[in-house]
Amino acid sequence: MKAATLIRLAIAAAILLVLFFTMFAYIVKENEKAVLTRFGLPVRVIEEPGLYLKWPVPIETVNRFDARLAFFESRPSETLTRDKRNVVVFVFTAWSIADPLKFLQAVGTRENAKVKLDGLVTSAKNAILGQYEFGQLISTEPSAVKLNDIENKMTDVVRQQAADAFGIDIRQVGINRLGLPETNTEFVFARMRAERAKIAAQYRSEGEREADEIRAKTDAEITIMLAEANEQAAITRGEAEAEAARLYAEAYQADPKLYEFLRKLRALKEVTRSNTTLLLDTSTPPFDILRQGATAK
């Protein structure tokens with residue numbers, strides 16, 4: 001009997017304890033921030049996780065907010081650039097709740113916060129993109145694209161407004177992708193073709209200049225090589241002629257008559273080719289050796 005009574009008392013105590021914590025206590029998680037209100041009026045902001053006490057509802061109510069980083073995409077809409085070109089910009093926003101009390105009073109819920117932020121982002125996007133030309137959004141030249149500057153400016157504008165009005169911390173406002181209305185598609189393609197043609201012409205010009213430089217260098221090297229070869233050939237011919245003259249002189253000194261006879265024979269060999277008919281006076285050198293040969297017979 002006593003055991004059953006003790007069990008009933010323990011169960012009752014556990015139920016009372018659960019009811020006490022349900023009615024008079026609450027836990028704020030590590031990824032949460034909370035605002036405690038009494039009859040609808042804020043009395044306490046809790047930003048640290050832990051166990052806290054409160055009066056039961058409807059006296060006091062705990063308004064919990066997820067403090068983690070959140071993302072959402074703004075609705076796509078056409079924006080006019082400085083040079084009057086329409087472009088569809090898809091923008092994302094990374095945000096978190098910085099001031100839970102201001103957030104509760106200004107928007108109340110995360111869904112309402114998205115609606116408010118969408119308006120701020122769209123307004124900032126239209127104002128800032130209107131300061132840039134279309135070629136600074138889409139270009140084949142990486143240095144001409146200014147998307148990082150646009151994102152930084154949008155982030156600065158929206159961050160200040162969101163913090164002041166809604167207690168929201170904007171981490172980043174970025175461009176997800178760009179779209180083009182159908183009327184602008186042909187213009188973009190034409191611009192891209194023109195830019196690529198310009199790049200191709202530049203490459204061709206650089207190639208031709210380099211080719212001219214290579215040809216000029218090659219011509220100069222050929223000229224130098226030919227000059228050196230001609231110089232070497234002239235030296236070689238001079239040396240050969242000098243050697244031939246020396247040999248001729250030695251042969252002449254050894255036997256002048258034989259030397260003269262051999263020279264005449266060589267001259268006859270050069271003059272009289274095959275099928276050659278000559279009518280000349282045999283008294284004329286070197287043909288006189290023919291007459292001398294006949295006389296010797």
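Reply: Helices (H or I, at least four residues) and strands (E, at least two) are DSSP runs, numbered from the N terminus. What you see is a predicted model, where local features need pLDDT of at least 70 and side-chain atom pairs count only at pLDDT 80 or more, while totals for chains, interfaces and linings use all residues. Residues are numbered from 1 along each chain as its sequence is written, and side-chain values use heavy atoms, with hydrogens and water left out.

Me: How many helices and strands are there in the protein?

Reply: The protein has 7 helices and 9 strands.

Me: Which strands form the open sheet, and in what order?

Reply: The order is 3-2-5, so to speak of the sheet is to speak of 3 strands with antiparallel pairing. Strand 3 (41-46) and strand 5 (60-66) are the edge strands, as each pairs on one side only. From one strand to the next, the twist averages 25°.

Me: What makes strand 2 and strand 3 a pair?

Reply: Strand 2 (residues 32-38) is joined to strand 3 by 5 bridges. Pairing asks for at least two, so the pair qualifies. One of the partners is Ile-46 in strand 3, which is bridged to Ala-34.

Me: Why is Lys-84 called exposed?

Reply: Its relative accessible area is 63%. Buried means under 20%, exposed over 50%, and partly exposed in between (1.4 Å probe, protein chains only), so Lys-84 is exposed. Phe-39, at 62%, is exposed too. Of the 297 residues of the protein, 25% count as buried.

Me: With which residues is Ile-59 in contact?

Reply: Neighbours within four places in sequence aside, Ile-59 is in contact with Thr-37, Arg-38 and Phe-39. Contact means heavy atoms within 4.5 Å.

Me: Which peptide bond is cis, with omega near 10°?

Reply: The one from Val-57 to Pro-58. Pro-58 is in the loop between strand 4 and strand 5.

Me: Why is the pair of Arg-68 and Asp-66 called a salt bridge?

Reply: The closest N and O atoms of Arg-68 and Asp-66 are 2.7 Å apart. A salt bridge is a side-chain nitrogen of Lys or Arg within 4 Å of a carboxyl oxygen of Asp or Glu, so this pair qualifies. A search of the whole structure finds 9 salt bridges.

Me: What does the salt bridge of Arg-82 and Glu-133 tie together?

Reply: Arg-82 and Glu-133 have their closest N and O atoms 3.5 Å apart. Arg-82 lies in the loop between strand 7 (77-80) and strand 8 (86-97) and Glu-133 in the loop between helix 3 and helix 4, so the pair ties together parts that are 51 residues apart in sequence.

Me: How do you know that Glu-111 and Lys-114 form a salt bridge?

Reply: Their closest N and O atoms are 3.8 Å apart, and the limit is 4 Å, so the pair counts. Both residues lie in helix 3, 3 residues apart, about one turn of the helix.

Me: At what angle do helix 3 and helix 4 pack?

Reply: Helix 3 (residues 110-129) and helix 4 (residues 147-166) pack at about 145°, with their axes 9 Å apart. Axes are lines fitted to C-alpha atoms, for helices over the stretch in contact, and angles run from 0 to 180 degrees between N-to-C directions.
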